[in-house]
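Please read the sequence alongside the three-dimensional view, and keep both at hand while working through the paragraphs below.

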Amino acid sequence: MPRYEYRCRTCGDTYELSRPMAESSAPAPCPAGHDDTVKLLSTVAVAGTASAPAPAPRAGGGGGGCCGGGCCG
């Protein structure tokens, strides 16, 4: 289930809730019980490393890819 981040406009607390996507915009009272809250925009961080460098272009032209000088002919 996705997690959504909310901020209370009354007390300023920021908190997260796990809820179905269909309920992401539904009212979400803060833990202190205030109803004036807003859903925050979240960003997703994806981290990783490349397993191999990109291949160098071939001599003699062509832009790479199947019909860019490789397998079509």
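Predicted model: local features only at pLDDT ≥ 70, side-chain atom pairs only at ≥ 80, totals over all residues.

Residues are numbered from 1 along each chain as its sequence is written, and side-chain values use heavy atoms, with hydrogens and water left out.

The protein chain contains 0 helices and 3 strands, where helices (H or I, at least four residues) and strands (E, at least two) are DSSP runs numbered from the N terminus. Along the sequence the pattern reads β-β-β. Of the 73 residues, 14% count as buried, a term that stands for under 20% relative accessible area with a 1.4 Å probe, protein chains only.

The largest nonpolar core is made up of 6 residues, namely Tyr 4, Tyr 6, Cys 8, Tyr 15, Ala 28 and Cys 30; such a core is a set of buried Ala, Val, Leu, Ile, Met, Phe, Trp, Tyr and Cys residues joined through side-chain atoms within 4.5 Å. Strand S1 (residues 3-8) supplies the largest share of this core, 3 residues. In soluble globular proteins, nonpolar side chains tend to be buried together.

A search of the whole structure finds 1 aromatic pair, rings of Phe, Tyr and Trp (its six-membered ring) being paired if their centres lie within 6.5 Å. The rings of Tyr 6 and Tyr 15 have centres 5.9 Å apart and planes at 20°, so this pair is stacked, the word used for planes under 30 degrees apart. Both Tyr 6 and Tyr 15 are buried.

Arg 19 sits in the loop between strand S2 (14-18) and strand S3 (37-39). Arg 19 is buried yet has no salt bridge, and Glu 23, the nearest side chain of opposite charge, is 4.5 Å away; a salt bridge needs a side-chain nitrogen of Lys or Arg within 4 Å of a carboxyl oxygen of Asp or Glu. The side chain of Arg 19 does make a polar contact of 3.0 Å with that of Tyr 6, and also reaches the backbone oxygen of Pro 27 at 3.4 Å.

Thr 37 belongs to strand S3, and a polar atom of the Thr 37 side chain lies 3.1 Å from the backbone oxygen of Ala 28. A polar contact is a pair of N or O atoms within 3.5 Å; within protein, one must be able to donate a hydrogen and the other to accept it, and residues adjacent in sequence count only if both atoms are side-chain atoms.

Notes
Buried < 20%, exposed > 50% of the residue type's maximum accessible area, 1.4 Å probe, protein only. Lys, Arg positive; Asp, Glu negative; His and termini not counted. Phe/Tyr/Trp six-rings, centres within 6.5 Å; stacked < 30°, edge-to-face > 60°.
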